[in-house]
Amino acid sequence: MKSIWLDTTNIKEHESLNKDINTDVLVIGGGITGILCTYELKNKGIDVVLVEADKIAKGVTANTTAKITSQHGFIYNKLDTDTARLYYRANEEALQKYKDLSKTIDMELEEKDNYVYTLNDMRIIYKEMAILNQINAKAEIIKPSELPINTLNAIRFKKQAQFNPLKLIEEISKDLTIYENTKVIELETEEETEKIIAYTKNNKITANKVIVATHFPIFNKFGAYFLKLYQERSYVIAVKNAELMPGMYIDGSGNGLSFRTYKNLLLVGGGNHRTGKHGGGWNYLRDFIKSYYPNAVEQYHWATQDCMSLDNLPYIGLYSPKLPNVYVATGFNKWGMTTSMVAATLLTNLITGNPTPYEHIFNPSRSILKPQLLINGLETTLNLLTPTKPRCPHLGCALKYNKEEHTWDCPCHGSRFTEKGKLIENPATDDLKIKE
């Protein structure tokens, strides 16, 4: 199982940290969010170091469908007008930043229209368009006849984009200070100076500021992210000999299919489910492709994992009021490419003391009193009380065996392990001990 992005790039490897160091800003996590934060801060003249527990860009970033868009399902009707306006602005600015980067960096960026479609509910189209009109978003209702399935209608955002994310990282990471195979185990604050000390197995890094960009935040003592987040798995298959699409498409229900093209390949995504639960997976996609594209030949298949927030908005900002000088970016709700650039912009401004008009809507300390909180709490309670082994080393939930991917998955917070217990996905930070 290897994504098309991994097969089309060759990212430079970096040495591991072997000494104590000091830096102005430490970035923990080498996915696209961490890389973009490091790149933005360095361009501001700030001394910044990135550390990655494994290899950069080999985790969630390598398994995206790589769409850049301000249209994240039917999200705008769930927001009040002011929040919707700021959310749209933040993502439009991120989209433009990618377009500007593509003028000097080969990242295979292509301008494409984005469509969010519905199979059976025109009411959601009208509700979404009502708020989009209020905030003057460039959107229109249109029926995408090029899809193989019969949609009722869709909302189109013109001139969005798709790209190869690892091509971008291959270029911008070359001149950054990066240490791979360097896992941060603990953070400590010096009371007198408020400097942050990050401890690895053998060394320590002293920094004025820290950004935690580890997908799911790994420090449990602060922020209650184990309550505020859960994770979902989604699947992608890339095929040749299928009709290519002129745009990017996704089912607005959150449970359907997505489509985009890459060169001569059609990428079909879907089959999603909460991590640790049963879902459609690749078999669902293969059945669909067999029915609608009988001549298609599978070239790649891969899966990804996404952190889902309580209220459909990411958490970007101060990790916790009790942890000064430490920042976080998480809960991207399946729109990590656009949101990673939002995060890089916002966190760079926070660190450099520049105001950002949409800072408050992403505040990680906003209210958690949302219906999803109850669902997350019940899921955790049930799995803590399940008398089975193995148990997740994160918080002790009962793991479920994933037959399709041959892994042990945590339904509570999404940690995943190989059959032999090697850690694949956080928030767990240690391998699983499997009794032979």
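How many bridges join strand β9 to β10, and do they run parallel or antiparallel? I looked it up: 4 bridges join β9 (residues 196-199) to β10, and the two run antiparallel. Strands here are DSSP runs (E, at least two residues; helices are H or I, at least four), numbered from the N terminus, and two strands pair if DSSP finds at least two bridges between them.

Before going on, I noted that this is a predicted model, where local features need pLDDT of at least 70, side-chain atom pairs count only at pLDDT 80 or more, and totals for chains, interfaces and linings use all residues. Residues are numbered from 1 along each chain as its sequence is written, and side-chain values use heavy atoms, with hydrogens and water left out.

Back to β10. β9 and β10 form a hairpin with 4 residues between them, and I found A198 opposite I205. Strand β1 (residues 21-28) runs parallel to β10 (residues 204-212) over 7 bridges, with N22 facing T206. I also see β17 (residues 326-330) paired with β10 in the parallel sense, over 3 bridges; there I211 stands opposite Y327.

Next, salt bridges (a side-chain nitrogen of Lys or Arg within 4 Å of a carboxyl oxygen of Asp or Glu). I get 23 by this rule. K97 bridges E40, with the closest N and O atoms 3.2 Å apart. K97 sits in helix α2 (residues 81-101) and E40 in helix α1 (residues 32-43), so the pair ties together parts 57 residues apart in sequence. Buried means under 20% relative accessible area, exposed over 50%, partly exposed in between (1.4 Å probe, protein chains only). I have E40 as buried at 14% and K97 as partly exposed at 28%.
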